[in-house]
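Please read each point alongside the coordinates.

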Amino acid sequence: MYIRSFTISVAIAQVASLVSADASNFWQSFTSQINPKNITIPSIPQTTSTEPVTECTYYNPDPTLITINNTEWPSIWEVATTNNVNTSVEFTAVYNSIDWTKAPNIPVRTFTAAGGLDFTGYSATSDPDCWWSASVCTKPKLADINEDIANCPEPETWGLTYDDGPNCSQNAFYDYLEEQKLKATMFYIGSNVLDWPYGAMRGVLDGHHVAGHTWSHQYTTTLTNQQVLAELYYTHKAIKLATGLTPRYWRPPYGDIDDRVRWIASQLGLTAIMWNLDTDDWEAGFTTTVETVQKNYDAFELMGTNGTFATSGNIVLTHEINNTTMSLAITNLPKIMSSYKQVLDVATCYNISQPYFEDFEWTHTLNSSVTPASGSSSATQGTVTSSSAKINQSSTSGAYQIGPNSLLVIAILSAALI
Ligand SMILES: [Zn+2]
C-alpha cells in the first residue's frame with residue numbers, strides 16, 4: 001500500500017471561465033463579524049449535545065458574532081422578495097445593476113392542478129431552454145451563461161453532497177464526517193442559515209465546501225426574475241453573515257433550473273452544481289421506505305467497483321434534512337469509502353481553487369491510499385487536509401438552533417419533494 005497523490009486531470013479555471021457581469025461584485029457590500037480562518041463557535045449546551053431536543057432548542061446568536069436586523073431580510077421560509085425587501089434601496093441597487101434587456105426570453109413556469117411542473121407545450125427533445133426538469137440538461141443553449149457542474153471529473157470518485165442544511169440536529173453527523181476525515185459540499189438554505197447560523201459556521205470550521213441552496217427552496221423556474229435574484233442574493237448574504245464567506249456555487253432545489261435562471265445566477269457570478277446520481281433519501285419514511293433507499297445506495301456503491309466510473313466520477317444527491325437521511329449516510333459511508341478510490345467534496349474533485357468570492361483559497365488535496373495493481377482499491381479515505389479552511393480544530397463541536405417557523409417548514413419539506 002502506498003500513498004498516491006492524484007493530480008487533477010481536468011484543471012478547469014472556473015473563475016476565469018465565469019461570465020463577467022456588472023452585478024458580479026454584489027458580494028462586496030456584504031458584512032460579517034466572522035473570520036472564516038479563525039472560527040470559534042460559542043459554547044452553549046447545543047455545542048456539545050447530540051440529543052435532538054437539546055440541539056433544536058432555539059436561541060439568539062451571540063450579537064458580537066451574528067447580528068440579524070430583521071428589516072434587512074426576507075421573511076424566513078417565504079419567497080425572498082417578502083418583508084418588502086424587494087423595494088429596499090439595497091435590493092433595488094442589485095436589481096438595477098443587471099441589464100435585464102439581455103435576459104433570455106423564457107417564460108416563468110407554472111404548476112399543474114396536481115401540483116407538479118407544467119410541461120405542456122415544452123419539447124423535452126429539442127429542449128430550447130436547457131430545462132433540467134424536462135431533460136436533465138446542464139449545458140446552456142444560450143451564450144454567456146455558466147454551464148452547470150454535474151459530475152466529478154476524477155475517476156472512481158464519489159462526489160459527496162448534502163442538501164438543505166444547516167440542520168439543528170446534525171452534530172453527530174458532522175462529528176462522524178470529521179472522524180472519517182470526509183469533506184462534503186453542503187448546500188445551505190438561506191432561511192436555515194439565519195435560524196441556525198452556528199450550523200453554517202461549523203460547516204466552514206470543519207472544512208466543508210459550503211454552497212447556496214436558495215432562500216426558501218422553491219422551484220426556481222416558477223419564480224419571476226426578481227424573485228430568482230432575491231432567492232440567490234439573500235441566501236449568499238446569509239452565508240456570508242454566518243461564515244465570513246460568500247459562495248460562488250449553488251444548487252437549485254429539485255434541480256429545477258433553465259437558461260433564464262442560469263442567466264440570472266451568472267450575472268452574480270454563480271454556477272450551479274447538479275448531480276448525476278440521486279439516492280431519493282429524503283423520501284425514506286415518507287413516500288417510500290428506508291429499505292428502498294438502501295437499495296439505491298447499494299446500486300450506487302456497486303458502481304464504485306464495476307467500472308461505471310472508470311473515467312470520471314459521480315456527484316450524489318443526499319440530504320442532511322432529518323435523522324433518517326443522516327443515519328442512512330452514516331450507515332453507508334463505510335461501504336462507499338471501500339467501494340470508491342476517493343470520496344470528495346465537489347470543490348476538491350473539480351479542482352475549484354476559489355469556491356468563495358473572498359480571498360480564501362481552497363487547499364484540500366487529493367490523497368488516497370490505494371492498493372497498486374490490485375484491481376480493486378482498498379481505499380481508506382485519503383488524508384484530505386485543509387490548512388486554511390480547517391482552523392481551530394480543538395473546537396470542533398457545533399451548535400445548532402431552530403426557529404419556530406423552521407420546525408414546521410422542515411416537516412412540510414420532508415413531506416414534499418426535495
Ligand atoms: Zn433541497
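1. Strand β2 (residues 157-165) pairs in the parallel sense with strand β8 (residues 314-319) over six bridges. Two strands are taken as paired if DSSP finds at least two bridges between them; helices (H or I, at least four residues) and strands (E, at least two) are DSSP runs, numbered from the N terminus. Within this pairing, T161 stands opposite L317 in β8. The model is predicted: local features need pLDDT of at least 70 and side-chain atom pairs count only at pLDDT 80 or more, while totals for chains, interfaces and linings use all residues. Residues are numbered from 1 along each chain as its sequence is written.

2. The chain passes from β2 through helix α6 (residues 171-179) to β3 in a right-handed β-α-β crossover; that is, with the strands pointing away from the viewer, the path from the first strand over the helix to the second runs clockwise.

3. Nine of the nine residues of β2 are buried, a residue being buried if 20 or more other C-beta atoms, placed from the backbone, lie within 10 Å of its own, exposed if 12 or fewer, and partly exposed in between. Across the protein chain of 418 residues, 49% are buried.

4. In α6, the buried residues are N171, F173, Y174, L177 and E178. They line one face of the helix, because seen down its axis they fall within an arc of 165°, taken over the directions from the helix axis to the C-beta atoms. Their cover includes α3 (52-55), α8 (197-205) and α12 (323-339). K181, which follows α6, has a positive phi near 60°.

5. Which residues touch the most other members of the largest nonpolar core? They are M201 and A242, in a core of 88 residues; such a core is a set of buried Ala, Val, Leu, Ile, Met, Phe, Trp, Tyr and Cys residues joined through C-beta atoms within 7 Å. Helix α9 (residues 225-243) gives the most to this core, with 10 residues. Leaving aside residues up to four places away in sequence, M201 touches I34, I39, I41, A242 and T243, contact meaning C-beta atoms, placed from the backbone, within 7 Å.

Conventions: Contact = placed C-beta atoms within 7 Å.
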